[in-house]
Amino acid sequence: QVQLVESGGGLVQAGGSLTLSCAASTRRVSSYTMAWFRQVPGEGREFLAAVTWGQNQVYADSIEGRFTVSRDNAKATLTLQMTSLKPDDTAVYYCAAQALGPPRGLSYGYWGQGTQVTVSS
């Protein structure tokens, strides 16, 4: 069983930056794909970025180069650096991990509880 805990969410003004972190309960995730998603109330979960076990980074087009994903296998952590934040980025951000499956899909077997990001205009 893998537990994921996100942190770093909060309130930020438009144009600002924020860094989210995800801590996994086991370094076994070094062989997993780890990803970030977000969800707005009433809408589906949206893929943002992922890092495969081979350290390949995959991004959603909607990010427009504003977000950077990275992982530290020694610490079993995943990070999302967000810049030029917009009010539309307001959502609950989730960390996810999976052993197999397409990086952009929703088939991740492990999810964190989410962290709220609010961007004020």
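A disulfide is taken here as a pair of cysteine sulfur atoms within 2.5 Å. The structure is a predicted model, in which local features need pLDDT of at least 70 and side-chain atom pairs count only at pLDDT 80 or more, while totals for chains, interfaces and linings use all residues. Residues are numbered from 1 along each chain as its sequence is written, and side-chain values use heavy atoms, with hydrogens and water left out.

**Exercise 1.** Determine how many disulfides the structure holds, and characterise the link.

*Solution.* Step 1: the structure holds one disulfide. Step 2: the sulfur atoms of cysteine 22 and cysteine 95 are 2.1 Å apart. Step 3: the angle about the S-S bond is -75 degrees, and the link is left-handed. Step 4: cysteine 22 belongs to strand E3 and cysteine 95 to strand E9 (residues 91–98), so the pair ties together parts 73 residues apart in sequence. Strands are DSSP runs (E, at least two residues), numbered from the N terminus.

**Exercise 2.** Decide whether cysteine 22 and cysteine 95 are buried or exposed.

*Solution.* Step 1: buried means under 20% relative accessible area, exposed over 50%, and partly exposed in between (1.4 Å probe, protein chains only). Step 2: both cysteine 22 and cysteine 95 are buried.

Note on methods
Helices (H or I, at least four residues) and strands (E, at least two) are DSSP runs, numbered from the N terminus.
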